[in-house]
Structures are given as structure tokens and as C-alpha cells.
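Work through the exercises below with the sequence and the model at hand. Each task is followed by a solution in steps.

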Amino acid sequence: MTDATPDDADRTPTQAELDAEDLAELRKRNSADRDRANLYPKRPGAPGPAPAALVLHARVAWWAAAVCGLICIVYGAINLGATRDALRHRMLVDAVTTPKGQPTGDQITTFADVLPVAGLVIAALFLVGEYAFLVAAASHHSRNCRNFFLAIVALHLMCIPVGLDLFFRYPELWSGVVVLGWLQFALLVIAAVMTLRRAVNRWLPESTRMRPTRMLRSS
């Protein structure tokens, strides 16, 4: 006659099994703590002085670009009437050449009156935003501010060729504005590249971007 085997639920776990369970729980906690630390890394206590690429080279290139941009903005504001007339004439010619899908005469007048003013205001706002985030990236030791600066520069770079073609590329206007606009384009690219240098990336804190896989594991 054989003895009956006790049920697993009633069996007393061995010391090895208890140790294995404790080790698994410890690994789980360490993994959760590590994921949480990766999601929200601590800022270094003393990051040290900001690299010259961020506080000097990028700012010098940006200030040179800002001077070019301000000259274009002031010139555009002074010659706003000529820009409106040239833009209106251009749009009317396009409407006659390809009438299908073109705006009416009243709409063309409205567009010619509003677009140059909106373009000048947007150009000024780009400069203000770029300066604020460029300075904040160094003064606040913030990678996010550097990234916002790059995002605004990218938008600015996309708008410069369109703005030059719409508002300044006319025979009756000074052609030097177009040259200054493209010079500003090149200087903004240099300023953005300076903020992406390896020394700047090492000095800035780690990125705090959210990763879906980590969020699912932590939940």
C-alpha cells in the first residue's frame, strides 16, 4: 500500500522555493524602480558651465541672423504699400492666366492687404521665441528648451523662402532684402547646428520623453 501524495496547496514550500520567490519579487521591484528612474531622471546637481557652442557660438550666429531678419522686417514695414500693390498685381495676373480655382477680385484685395502684415508679425514672433528658448536652454540647463528652439528654427526656415518670394521678390523692391533673407537662413542653420554639437548634448540632462513600453510595464 502506497502513501498518498499531499496537494500542492497544502504542502509547505521549501526554503529554496521561498528564496526564489523573494528573488523574483526583488527583481520585479528593481525593474520598476529602474523604469521609473528612466522616465523621470534626476537632474545633475552641478552641471558645470554651459559649453561655448551653446552660450557663445550659437548666440553669435543667431544674433547675426536676427539682424538680417530685423532689417527685412523694417524694410517690409516701411514699404508695406508697395508690397501690397505688387502682391495684388501678381495675384490678379495669376487669376487671369489660370482663372479656374482662383479667388475673386475682392478676395485678392483682402489677401494682399492681410498677408504682408501677417508675414511681418510672424517673422518677429519667430525671432522672439527663438531667443527666449535659446537663452533658457543654457540658463535653465534644459534639453526641452533646446528642442523648442530647434522646432521654432525649423518652422522659421520653412517660412523664409515662401516669405521672400511672396513679399520681396519684385523689381520695384530692393533686391538686397532677398540676399539678407537667404543669409538669415544660413545663419539660423549654423545656430541650430551649434546647439546639436556633442558637447552640448553631453552637458544637457537626459531626455525625459515617454516610452510606451516602459509605461505599460510600470502599470
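**Exercise 1. Overall make-up**

Task: State how many helices and strands the protein has, and in what order its elements run.

Solution. Step 1: in this predicted model, the secondary structure consists of eight helices and zero strands. Step 2: read from the N terminus, the order is α-α-α-α-α-α-α-α. Step 3: the protein has 219 residues, and 32% of them count as buried. Step 4: among contacts with a separation of 6 or more, 81% come from residues 24 or more positions apart.

**Exercise 2. Helix H3**

Task: Compare the span of H3 with the expected span, then list its buried residues and find what they pack against.

Solution. Step 1: H3 covers residues 80–97, which is 18 residues. Step 2: from first to last C-alpha, H3 reaches 26 Å, close to the 26 Å expected at 1.5 Å a residue. Step 3: the buried residues of H3 are Leu80, Thr83, Ala86, Leu87, Met91 and Ala95. Step 4: an α-helix has 3.6 residues a turn, so residues three or four places apart point the same way. Step 5: the buried residues of H3 pack against helix H2 (52–78), helix H4 (105–139) and H5.

**Exercise 3. Thr83 and Ala77**

Task: Decide whether Thr83 and Ala77 are buried, partly exposed or exposed.

Solution. Step 1: the cut-offs are under 20% relative accessible area for buried and over 50% for exposed, with partly exposed in between. Step 2: Thr83, in helix H3, has 3% relative accessibility and therefore counts as buried. Step 3: leaving aside residues up to four places away in sequence, Thr83 touches Pro116, Phe167 and Leu173. Step 4: Ala77, in helix H2, has 47% relative accessibility and so counts as partly exposed. Step 5: Ala77 and Val117 are 40 residues apart along the chain, and their C-alpha atoms are separated by 8.0 Å.

**Exercise 4. H3 against H4**

Task: Classify the packing of H3 on H4 by angle and by handedness.

Solution. Step 1: the axes of H3 and H4 come within 9 Å and cross at roughly 135 degrees. Step 2: this angle makes H3 oblique to H4. Step 3: the crossing of H3 past H4 is right-handed. Step 4: the H3 side of the contact includes Leu80, Thr83, Leu87 and Met91, and the H4 side includes Ile108, Phe111, Pro116 and Val117. Step 5: by class, the contact of H3 with H4 has twelve nonpolar, two polar and three charged residues.

**Exercise 5. H5 against H6**

Solution. Step 5: the contact of H5 with H6 divides into 15 nonpolar, four polar and one charged residues.

**Exercise 6. A loop residue**

Task: Locate His141 and describe its backbone and its burial.

Solution. Step 1: His141 sits in the loop between H4 and H5. Step 2: His141 is not a glycine, yet has a positive phi of about 50 degrees. Step 3: with 7% relative accessibility, His141 counts as buried.

Terms used
Residues numbered from 1 in each chain as written. Predicted model: local features only at pLDDT ≥ 70, side-chain atom pairs only at ≥ 80, totals over all residues. Heavy atoms only, no water. Nonpolar A, V, L, I, M, F, W, Y, C, P; charged D, E, K, R; others polar. Helix = DSSP H or I, 4+ residues; strand = E, 2+ residues; numbered from the N terminus. Expected span 1.5 Å × (residues − 1). Buried < 20%, exposed > 50% of the residue type's maximum accessible area, 1.4 Å probe, protein only. Contact = heavy atoms within 4.5 Å. Axes fitted to C-alpha atoms, helices over the stretch in contact; angles between N-to-C directions. Parallel < 35°, antiparallel > 145°, perpendicular 65-115°, else oblique. Left-handed = near helix turned anticlockwise from the far one by under 90°.
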